[in-house]
Structures are given as structure tokens and as C-alpha cells.
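Please walk through this protein with me, one region at a time. Keep the sequence and the 3D view side by side.

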Amino acid sequence: MEILEDANIVNHVLLMAKKHPYMRAVVFPHGRDDNGRVSYTQLTYQQLVQEMNIVARGLQSEGIVKGSRVALMAKPSLDFFAVFFALFRVGAVPVMIDPGIGVRNIKKCLAEAEAEFFIGITKAQIARVVLGWQRGLWRRTINMDIKPKFSNTCLKTIRVLGESLQECSFPFTHEDDQAAILFTSGSTGAPKGVIYTHKNFNAQIRLLKKSYGIEPGEIDLSTFPLFAVFASALGMTAIIPDMDFTRPARVDPKKIQEAVQNFGVTNMFGSPALLKRTASDWVREGVFFPTLKRILSAGAPVPHQVLAQLTKVLPKGSFIYTPYGATEALPVCNANSHEILNETAALTDDGKGICVGKPVDEIKVDIIRVDDGPIEFWQESLLVSPEEIGEIVVRGPQVTKAYYNNQRANKLAKILDQRTNETIHRMGDLGYFDPDGRLWFCGRKAHRVVTKDNVLYTVPCEAVFNKHHKVSRSALVGVRIGNYEKPILCIEGDGKLSKADRHRMKDELLTLGRKRNLTKDIDEILFHKSFPVDIRHNAKIFREKLRDWAKEK
């Protein structure tokens, strides 16, 4: 009888602890002295495994076992890493919800995920009690802080229990076992709980290593908590920066610079908003990072102007990578700063869309005709002609198969290939392949504007207007009039513009738009103080909210 290998993703951490026990796994900023110098606490891989096992045994004693759904709401810390991996160790299913989605959505998500246990800091525990999240349905609640305020117990007690249970065993994990439920940011509707299996996570780790040449022993700076956890699974040292993770667009560039230079960081992940915030400051100050091999950025397109700035702070041969994907499937495609700046940026400015590169290994990407309804079974007739814009669909080991407890979303986003029994995910994005096999992103399907005579795609149209020297960001929305939509272009940032300036700028933009067949139908422009964006990346525009605002205007 064949003995199956345990597929638990925590095995990547266990292997690192065996091979490199004294290598730092996590480094966390602990405070600053009177001179402003930062001090750090850390866990080696050996210590991380010890902490993980202690917490895992304690969690089991509280009834958290294989298959238990556990809501985890805590800030990045050494304890966060120990608890996160401990949940995998016992076979539990962490339910990860971004607090930025709003308290109403959090309540809905917890109910949808049927969360049974709640682990969180005191602030999260208070919110749970006051706002009635799953009231009366929690089996146990655990406070991450020192005292069990507003909860049944606390992490300190869990650790004491874990230390007393030395003979505790952990369950075997199959690759199709549920590993986590990760909720989307909800930038195009209600957040949805994506079911991750250990197979999905292992595929992601394998493909991230292969696609970017990441090697064990590297030093990683992650400004997004979940990617920091990936760093440990990838065998890197995760450096946690001194920043507010819920406000990446307001980060202090000097504190990010400090972390990179203090540890000789080789790999960095940052949202487009964070990179935009830091790049101009670093170039202005003449900052240079000789150790930084690569920067990864995802969640939204990175403006090529920001890529050009960042190349000035990196050594020759280092790149900024812009992996394309979604919570449901990552990575899908990959492009780098050299290719974008030298080949595709000019085409983006010309309204061709944003090049997101070629598909990564082990994934198949297709373009199908645009359809807002469900598609139950895969057929070759769904495919569009070469270079025709359609919906992007993907299949592969890193592609998740379903949402938790959300059949409506499953019907709209999943297609079954009956021949191979594969689940195909509909990205909800529109795009096309060029003759070189590169994928071009043209915007979200839900955001296209259907006029009486044409279909307008957000990214190509906005690029035409973004060339105006006073436009920092634009957003095309459609206001429904009868059976069709009226296209309205929203321009961000009118706080420093006088009424005369706005009139002048509007005339210039309309003239610019009329010169292109792509944008000639856009004849209404509105100025908005600050676009509503998702808190996770501070980059995805909540166009539904913007559309409602435009309709009122």
C-alpha cells in the first residue's frame, strides 16, 4: 500500500528548522530608544517550530482540531506567526478577514464561514462582543493579548497548557484537505470566502520559488501580513517593518528604507500604493539598495512611472515584478520592469491595456466571450478569436475550486471541464493575448461601460486621459439610462483646482478624448476629491461607489 506524503504546508517550516535551525525566521520591530533607533525581537526557525508546537498542543486542548474553522484577527507579531502555523499544525482552517472591509461585512463573512472559534487581539474581541459577531455561536474565544479580556481564555494560558502536553500528536494532512478560508477584498461586490486546500498553498510556494528564483536564506521585507507568512514557508527570513499595515498608502518611506538597510533585504513585497508613496521619496533622497534582488507588487496595476523610479534605487540586474492573479488564483501571469518599460509601457499609454506578461508554469489561461451569467460546463466554443477582448479564465494547481457556503458565487465564477474534471475559474477580468503570447488586462468585467453604440473598457480608456500632465488618476464609470449606460470620466484630486482650472482642464481632456476612436463617446467629466479604494492595497477603486456618486452628480 502506497504511503502518501503529508501535504500540510507547515512541513516547509519544519524542513527549514531541520536544515537551518539557527537561521532567523521572523524579525519584528519591538520599539525605539530615545535616539529613535529601532530594536527588534526574533524567532529562529527552531524557535518558531517550538512555539508553533506549544501553541498547537494548547489549541487542541481547547477543542481546536482538524477541520475546525477559526477566525484569526490579529496584527503581525511573533505570536501571530506562531498561532497561524499552529492552526495548520492541528489541521484547523484559519478564516482570514481583512478588517478594512468594514464591520458589517466582517459580521456577514464570519457567519458565511460558520466560524466556530475566535482568536484575536483585545480590540477585535471588543468588536466581536459589542457588534454581535456570531453571538452565542462561538465554541471558544481566545485573546492574543496577555489577559483574557472579553474572551474565554488567552494565549498565555494556551501556552501553559501546551507546555504541559508533551505527548500530543498531530493529524495527517491530505493535499485536498481544507487549509484556510481567505476572504476577498470585496472591491467588486461583497467579499467572498475562498477555500484554499494544502495543494493550492503548496503550488503557490512551488511556483513563487520557480518564477522568481527565490532561494532559502534570503531576507524578505513584506508589507502585507499574508506574504510575510509565505516568506517563512519559502525559507526566507521575514522582516516585519514598522508600519500601519492597514494604511500602506501612508507608509513612512524612511522606515521602509531603514528595514531594508538594517538587514540587507533581498526580496520585498509592496502594494502599488506603497511603492508609489516610497519611490519618489527614495529617488529624491538618492537612496540605493545594493542588496535588493527583486520587488514584487500585486493587487492592482503598478504605474510604469513608478517602475521607472524604482529601477533607480536597485542594482543592475534587479527587477520589479508585477504578478497577475487574484485571491482565487495566484500567481497567473508575470511581467517585469525591464519588459514593461522597454516594450509595453508605450502601448499601455496608447490605450492597449496593461501587459501582465506570460502565464506562469503549471497554469492554463484562456479568453472566453463576455457573459454576465453562469457557465456550467466548459466548451471550446466559448473561446474568442485571437487578440479579441474577452473574460480571462484559468485552471491549474494554484487555482481554488470553490467559495465557502456561497453557491451563487460558485455558479458565476466556476466552470467544470467534464473531460478532465478540472475546475476553471473565471477571473472576472477582461483581456486578450497578443501575438507573442502575453496577456493584456483591460479592466474588470463588471466595470465595462455598455453604450448604445459601443463597449468601453476602463483601463484602455483611462490611459488616454491619464497622459494629461495634471491627471494623477482617472476612473471610467457608467450611469444607466434606459437599456444603456452613459460613460462618465471621474478625475481624482480637485482640492487644489479652482473652478476656472477645472473648466480649462475639462475642455483639454474632452479634446484629448475626441482625438481617439476609443474615447470619442466620453463627453462627461466630473472631479472627485479622493476616490474610494480598498484598504488592503489602497489601490483598487470602488467603482460602484464612484458610479453612485456620479449618478447623484
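This is a predicted model: local features need pLDDT of at least 70, side-chain atom pairs count only at pLDDT 80 or more; totals for chains, interfaces and linings use all residues.

Residues are numbered from 1 along each chain as its sequence is written, and side-chain values use heavy atoms, with hydrogens and water left out.

Begin with the rings. Rings of Phe, Tyr and Trp (its six-membered ring) pair if their centres lie within 6.5 Å; planes under 30 degrees apart count as stacked, over 60 as edge-to-face and the rest as tilted. By this rule there are 19 aromatic pairs. One of them joins F80 and F84, a stacked pair with 5.8 Å from centre to centre and 25 degrees between the planes. Where do F80 and F84 lie? Both belong to helix α3 (residues 78–89), and they are 4 residues apart, about one turn of the helix. Helices (H or I, at least four residues) and strands (E, at least two) are DSSP runs, numbered from the N terminus. An α-helix has 3.6 residues a turn, so residues three or four places apart point the same way.

Are F80 and F84 buried or exposed? Both are buried. Buried means under 20% relative accessible area, exposed over 50%, and partly exposed in between (1.4 Å probe, protein chains only). Ring pairs also link F80 and F84 into a cluster, whose members include F88, Y196, F224 and F269.

Some rings carry a charge over the face. A charge sits over a ring if NZ of Lys or CZ of Arg is within 6 Å of the ring centre and within 35 degrees of the ring normal. K414 lies over the face of Y403, 5.2 Å from the ring centre. K545 sits over F542 in this way, at 4.7 Å from the ring centre.

Now turn to a sheet. Two strands pair if DSSP finds at least two bridges between them. An open sheet is formed by 3 strands, in the order β25-β26-β27, with mixed pairing. Strands β25 (474–481) and β27 (525–528) stand at the edges with a single partner strand each, so one side of each has no neighbour in the sheet. From one strand to the next, the twist averages 35 degrees. Strand β26 (residues 484–492) runs parallel to β27, and 4 bridges join them. Along this pairing, L489 stands opposite I525 in β27.

Helices pack here too. Contact means heavy atoms within 4.5 Å. Axes are lines fitted to C-alpha atoms, for helices over the stretch in contact, and angles run from 0 to 180 degrees between N-to-C directions. Helix α14 (residues 458–466) packs on the sheet and touches β25 and β26; its direction makes about 125 degrees with that of β25. Of the 9 residues of α14, 8 are buried, so the helix is largely enclosed by the rest of the structure. Helix α15 (residues 499–514) lies across β26 and β27, at about 130 degrees to β27.

Strands β18 (364–368) and β19 (390–395) pair in the antiparallel sense over 5 bridges. There, I367 has I392 in β19 as its bridge partner. β19 also pairs with strand β21 (residues 422–433), again antiparallel, over 4 bridges. In that pairing V394 stands opposite H425 in β21. β19 is mostly covered, with 6 of its 6 residues buried.

Next, the cysteines. A disulfide is a covalent bond between the sulfur atoms of two cysteines. Here it is counted as a pair of cysteine sulfur atoms within 2.5 Å, and the structure holds 0 disulfides. C490 is buried, with a relative accessible area of 0%.

Last, take two single residues. S337 lies in helix α12 (residues 337–349) and is buried, at 2% relative accessible area. Leaving aside neighbours within four places in sequence, S337 is in contact with L307, T311, F319 and I320. P374 is placed in the loop between β18 and β19. P374 is exposed, with a relative accessible area of 54%. Not counting residues up to four places away in sequence, P374 touches K411, L412 and R426.
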